[in-house]
Structure formats: structure tokens, C-alpha cells
Amino acid sequence: MTQRVAIIGTSAIPIGRHQTADDAEIQTLEHEIMSRLVIDAVNDAGIEKKDIESLIFTLPRPYTRQKYFHTFLLGQMRLSCRGSVMEVMGNGMTAALAFDQACNEILLGRANVALALGINMESAVSAAEHAMSSMRATGDVDFHTSAGFTPISWYAMDATRYMHEHGATREHLAAVAVKNRYHASLNPLAQYRKPITIDEVISQRPIVEPLGLFDVPPRGDGAACLVLASEEVARSLGRPYVLVRGRGFFHDGSHQINDVPNNMIGFEAAVQASRTAYDQAGVVAKDIDLAEFYAPCTIVEILVSEALGLCPTGGGARAALDGETRLGGRIPISTSGGLTSRGHPAYVTSLYNYIELADQLRGRAGARQVKDARLGVATGELGNYNAALIHVLEAMQ
Amino acid sequence: MTTFTTLPVIEIQRKRSYPPRHSSFTQGFWSGLTQGRWQTTSCQVCQKQTFPPKPFCPHCWSPRVEWAPLSARGVLYSWTRIYAAPTAFADESPYATGIIDLDSNIRLACRLVDVPGIDLKPDMPMEMVVLQFEDGPLFAARPVANA
């Protein structure tokens, strides 16, 4: 029988402003947080230290002073491993790749238990200064960055085009932020938990027109750890676990912008990757019970929900306004609060998405529990969804 | 001999905020742009243009490329106005950027120049211009007046 991978344990710190300024007398040290989370996740899984055979870390931000963070942490925790130990990087896709690579360790037989983990600290660096780095990550650093593009400016142009083609309004986009803030109000890991209204979203200062402050992700820090295991190990533990049922990846062969005019807001990579993941899982879009997207802005959640077939083209914005994507609705999306309210420490964001699905599919999401949740879908991406990495997860009792 | 597309040149009394690097290959584009010359590479095998210019054809991977004129006109596919700018661009913000579909079927992204009395709107006709800064050029687009 083909090997299958299960999520058996999770841990995370609430997303927020944890990073200390360089001149603070008492500093927050990344490895102290990370080692605690490893122990918490291992306890949650019900396994032991000696069972861990591979650790796949997300690359820390350049602001993290300790370099070679992954092998340093193994030294801190006296963890010896026979599988693989590495840091992976894929810009926005970083944490999705760490999860995917940890799955591979099990699928390849290199490990029976593997951790996908990481920490992202950046909030003590100002947004304008952080953007000096992030502006070089999107588009051509000579031909685009020279014009002043920033990562979210591309999503803003998605929004302008979507509103033009489908008649969507800022109120429609704002409904996504309001819905996600409501979800975040029920999530102890979320950065912003005070409910907001559509009027409040629309009246925020512009960041990248037409998107305002509440349409875009906040700055924040986070750290998380997932314990993955072969299904055999998962079953032996006698507790609910979450099975990785399908996986799809697609890169559309363009970086940020396609010089052959295409339907930029069709998110072709998400269409293709989700089709592969659904096929592998033997499911179709309407079978999915809930979704956690890598969707940094309100518009992105709308476009991904359409690309994955969860909402009709041009209907994703209305779905939030009509409550279809809210808890209790037809297809709850971003029950964690999403990137705009749960928070977006970018290099570990997808780890939080898998944790939300794991909590939901293990029936322990508390006040945000989706009733009878069986199938969830998570997305990771880079660029303007030029590439997508998508997993379908299933609850196993 | 290929005819050239020449763009209007707008003088800007400052330096570029984040100047592009030049290679021995791309300097042909930037030095041409200083004179208003609007061009990219075109494949001599499959005839396709690409932008930004590349020393090979990204479609068929042939190294046989030549400089060829780009359209000076196109339509605005989408746009945004950036208020939260990186440090290097802080004193220019807010500024508009957009995506242009040129008449010659090339899509590109660039800075937009506002024209008084004309609101930016997707699908509106646009024309390319050169912004001639004190230290070199950038390409940009602006709405076509009286379109």
C-alpha cells in the first residue's frame, strides 16, 4: 500500500508583535520560542523525542541574528536525526514548501515522524524599511522595482481589474475583512480580534488603492510546529488525526506578470494545482467543507475561492457579503481569521493555515468549529499566485 | 532597416529613487530609452517579442534575437496608487503604477503619469513616455488626452 502522511500534532504562539527592537534591554530570542513549541507539538502528538527523524524548517527572516537556525536548534535540543534537516525558502510559499517537504520525508521512507516548523520575526522593522527588501522579491528588480512596485501593489491591481470586470465594490471586498475579523474574534492565535464593520473597513486610510489598511495584512511575528507521521504511526496513537489526501503544484511560467496578455485574475496556477490535488484525493470542489488560503488581501481570498471552484467566477465577493463563506455558511473560508486578522508572519503563515485545518478536522476548534468538518483545502503561493501549492486534508477519527 | 518607435520625453528634476542596473546587454535598452527609443527583443526564429528584453527568446530559447520597436500605444489593463511606499520611494508617494497591454500584444508594468482632468480607468487608451531623470531614464505610461 502506498505510504500516506498524517498530521498528528501542532503548536503555535499567538501571532502578534513579539520581535524586540535592537536596543531593547531584554530581547525575545527565537530559539527559546521554537524549542518550547517543538516540545508542545511533540506532547500534543503523543510521541517522544527519539521518534523525530526529520525536521524541515522555514527560513528565518534576515533580522533573526542566530544564523543556521535549524542546526543550532538541533544542538539546543540535542536532537539527532537520520532523515533530513534543512531550511527551505520560497518567499510566500516558504511554509507550504516546508510542510510539503516534511511530507516527502515520510513518503520517501526517510522518516516515520517529521516536523515542519519555523519562526518569522519582523515586526520591529518598520514597514517602509521591510518593503526595501520585499519590493525586490516581486517582479523584475531592474524593470519593475525601479517604478516603485511593492508586493501588495500587484494584489491591488487584481482588485482594480476584478471590480472593473465584475462590478464588485469596495463594500464587497470589505465583507471579506469583516467576516475574517469575526472568525479571528473566536481564535486565540489571532492577532486582531475586535469585530469590525464594513464602514470601518472602507474608511481606513488607503495603502494601495483601492485597498485600505483593513484590506491588507498587518505586520506580525509568529512561530509554529507541526508533527507529521506515517499513517501507520498515526493510527497506532489511537487519537484523531488528519490525513494528507491530495497535493497539487503548478507554476504558470511567469514571474509576477505575464508579458503575453492573459486573464491575470484567473489565477491559473491555483486552478491547475487544485485540480491535481482534488483528483489525487478523489474529490471535487463541492465536497470541500472548509478552506484556509494563503490570501494576503481581501481580493486574493475572493480570487482563490473562484480559482478553486468554491465560488463561481465573479461571485466570490458576493459570497462573503451573503455569508456563504462565513462560519455556518455553505463553505466557510479562513475560519482562523485569515491573513488580514489572524495575521501574516509570511514565512510561517501557511503553517498556521495547516494548524487551523488540523484543529477543525480533529474537532477541537471550539467556538469556530465547522460542524462535521471532514475535508479541508489549504493553499500556498508565490508572486501574484504565479505558483500555487495546494493540499487536501481529511479528518480521520 | 527597422523603423524606430520614438516616445515623448518628460524631464524630471531629480534622480531616480531606485535606479535599474545595466548589463552589457540591457544597456542597449536603457541608452536607447534616453533618446526616446522604445524597443525590445524579437526572435528571428519564432518572431515573438518579449518584455523586458532578453538575450534569448523565452518562447523557443533561440539565441537569435534582434532589437525591434514596441508599440507606443496600448490600453490600461489595471492600476493602483501606492500610498505605503518603501523608504526609497517615500517622498514620491502616493504614486500610480499600472499594467499596460500594448497594441503589439505585449503586457508590461510601469509607473503611470497623471494627466489633469483624466481619471485612471481600466481599458482606457494609454501612451508610453520616457521619464528623463537627472541620472537616467525610466519608461512610464499616461492616459491619451482627447482619446
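Three strands of chain B make an open sheet in the order β3-β2-β4, with antiparallel pairing. The edges belong to β3 (49–50) and β4 of chain B. Each has a single partner strand, so one side of each is left without a neighbour in the sheet. This is a predicted model.

Look at the pairing between β2(B) and β3(B). The two run antiparallel and are joined by 2 bridges. One point of reference is Ser42(B), which stands opposite Gln49(B) in β3(B). In a regular strand, side chains alternate between the two faces of the sheet.

Now turn to helix α1 of chain B, residues 27–34. Which of its residues are buried? They are Phe29(B), Trp30(B), Gly32(B) and Leu33(B). These residues lie on the same side of α1(B), because they cover an arc of only 165 degrees around the axis. What covers them? The cover over the buried residues of α1(B) includes β2 (39–43), β4 (65–69), β8 and β9 of chain B. After the helix comes Gly36(B). Its phi is positive, near 90 degrees.

β9(B) pairs with β8(B) and with β7(B). Start with β8 of chain B, residues 125–133. Here 8 bridges join the strands, and the two run antiparallel. Met126(B) has Pro143(B) in β9(B) as its bridge partner. Together β8(B) and β9(B) form a hairpin, with 2 residues between them.

The pairing with β7 of chain B, residues 107–112, has the parallel sense. It extends over 2 bridges. In this pairing, Leu112(B) stands opposite Ala141(B) of β9(B).

Finish at the start of the chain. Where is Thr3(B) found? It sits in the segment before β1 (9–11) of chain B. Is Thr3(B) buried or exposed? Thr3(B) counts as exposed, because its relative accessibility is 61% and the cut-off for exposed is over 50%. Asp101(B) is 98 residues away from Thr3(B) along the chain. The C-alpha atoms of these two residues are separated by 21 Å.

Terms used
Residues are numbered from 1 along each chain as its sequence is written. Chains are lettered from A and ligands numbered from 1 in the order in which they are written. This is a predicted model: local features need pLDDT of at least 70, side-chain atom pairs count only at pLDDT 80 or more; totals for chains, interfaces and linings use all residues. Side-chain values use heavy atoms; hydrogens and water are left out. Helices (H or I, at least four residues) and strands (E, at least two) are DSSP runs, numbered from the N terminus. Buried means under 20% relative accessible area, exposed over 50%, partly exposed in between (1.4 Å probe, protein chains only). Two strands pair if DSSP finds at least two bridges between them. The arc is that of the directions from the helix axis to the C-beta atoms. Contact means heavy atoms within 4.5 Å.
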